[in-house]
Amino acid sequence: SAETPIFDGDVGWAHLRGGGGAVALDADTGEVLREVRRSAMTALQPAAGGGAMWSTATAEQRVIRIDAATGTVLELRAGNGVNAVAYADGVVWAANSDAATVMRFDVADLDAP
């Protein structure tokens, strides 16, 4: 089963309970569009935006991006205790509670060759 969904336009996202990945849902019908498996996704606060779901893998110090169109998983190095993300205007912010820092990721830079 999944947790409460977050939305980005026509797509809703929900973590699978137990941190095993996420599902993409049609925002109108609730139909599952795709399920993406990725262990240890642990965000206290995930986000949706820029055509993706954003989450974290705290123990692995990673920010996780799941592309809505393809289901492709991109992992970004983050700091100690990364456990929450927010998306706004093409930027993802990641809170690192153990390090007492916030990291910024420009989404446009993620697709650069």
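I looked up arginine 38 and found a salt bridge to glutamate 60, with the closest N and O atoms 2.5 Å apart. I count a salt bridge when a side-chain nitrogen of Lys or Arg is within 4 Å of a carboxyl oxygen of Asp or Glu. The model is predicted, so I note that local features need pLDDT of at least 70, side-chain atom pairs count only at pLDDT 80 or more, and totals for chains, interfaces and linings use all residues. Residues are numbered from 1 along each chain as its sequence is written, and side-chain values use heavy atoms, without hydrogens and water.

I placed the two partners: arginine 38 is in the loop between strand 4 (32-37) and strand 5, and glutamate 60 is in the loop between strand 6 (52-57) and strand 7, 22 residues apart. Strands here are DSSP runs of E with at least two residues, numbered from the N terminus.

I checked burial (buried under 20% relative accessible area, exposed over 50%, partly exposed in between, 1.4 Å probe, protein chains only). Arginine 38 is buried at 9%, whereas glutamate 60 is partly exposed at 35%.

I then found glutamate 75 in a salt bridge with arginine 38 at 2.9 Å, N to O. Glutamate 75 lies in strand 8, so this pair ties together parts 37 residues apart in sequence.

Strand 7 (residues 62-67) pairs with strand 8 over five bridges, and isoleucine 66 stands opposite valine 73.

Note on methods:
Pairing = 2+ DSSP bridges. Helix = DSSP H or I, 4+ residues; strand = E, 2+ residues; numbered from the N terminus.
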